[in-house]
Amino acid sequence: MKERNYIKLDFPSRSSNEGLARSVAAAFAAQLDPTMEELGDLRTAVSEAVTNAIVHAYPDSIGRVAMRLRILDDDTLEITVRDWGRGIEDVERAMTPLYTTGGEERSGMGFTIMGSFMDALRVRSTPGRGTTVTMRKRLSPRIRR
């Protein structure tokens, strides 16, 4: 599918950058005239993906996180969040609700939340080399004036 527009954002895995990534995603998606509910869903999914990269990919250090957003021809927003951290040993298990490697303070619901707010979710990971999360959401066409 052909893209109409895209942006890339690279940032260190500091928790303060999670809000920035969420805001950038919402601002970029605004050109598709999403509903407030759709914007909320996008913000939440991005927040979960970026938080996972910060907390799980680089638990004891600061690393690199990259986010790419693309608008495809059918009004689909594609969001990719990538890290080069420790990776996930068992992606299927990690996507199981309530499973976490982040300790008691983590709910283990990140992938479940991402999947519930997006139309498609793909997670690819290689232990020791990082993780790429790709999410897609087709935004409902609204009457444009």
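This is a predicted model: local features need pLDDT of at least 70, side-chain atom pairs count only at pLDDT 80 or more; totals for chains, interfaces and linings use all residues.
Contact is taken here to mean heavy atoms within 4.5 Å.

An open sheet is formed by five strands, arranged in the order β1-β2-β3-β5-β4 with antiparallel pairing. Between β1 and β2, the antiparallel pairing extends over nine bridges, and P12 is found opposite R64 in β2.

Helix α1, comprising residues 16–29, lies across β1, β2 and β3, and its direction is at about 170° to that of β1. In helix α4, which spans residues 110–117, the buried residues include G110, F111 and M114. These three residues lie on the same side of α4, because the arc that they cover around the axis is only 95°.

The loop between β2 (64–72) and β3 (76–83) contains D75. This residue has a relative accessible area of 16%, and because buried residues are those under 20%, D75 is classed as buried. When residues up to four places away in sequence are not counted, D75 touches R4, L32, K137, R138 and L139.

How values were computed. Residues are numbered from 1 along each chain as its sequence is written. Side-chain values use heavy atoms; hydrogens and water are left out. Buried means under 20% relative accessible area, exposed over 50%, partly exposed in between (1.4 Å probe, protein chains only). Helices (H or I, at least four residues) and strands (E, at least two) are DSSP runs, numbered from the N terminus. The arc is that of the directions from the helix axis to the C-beta atoms. Two strands pair if DSSP finds at least two bridges between them. Axes are lines fitted to C-alpha atoms, for helices over the stretch in contact, and angles run from 0 to 180 degrees between N-to-C directions.
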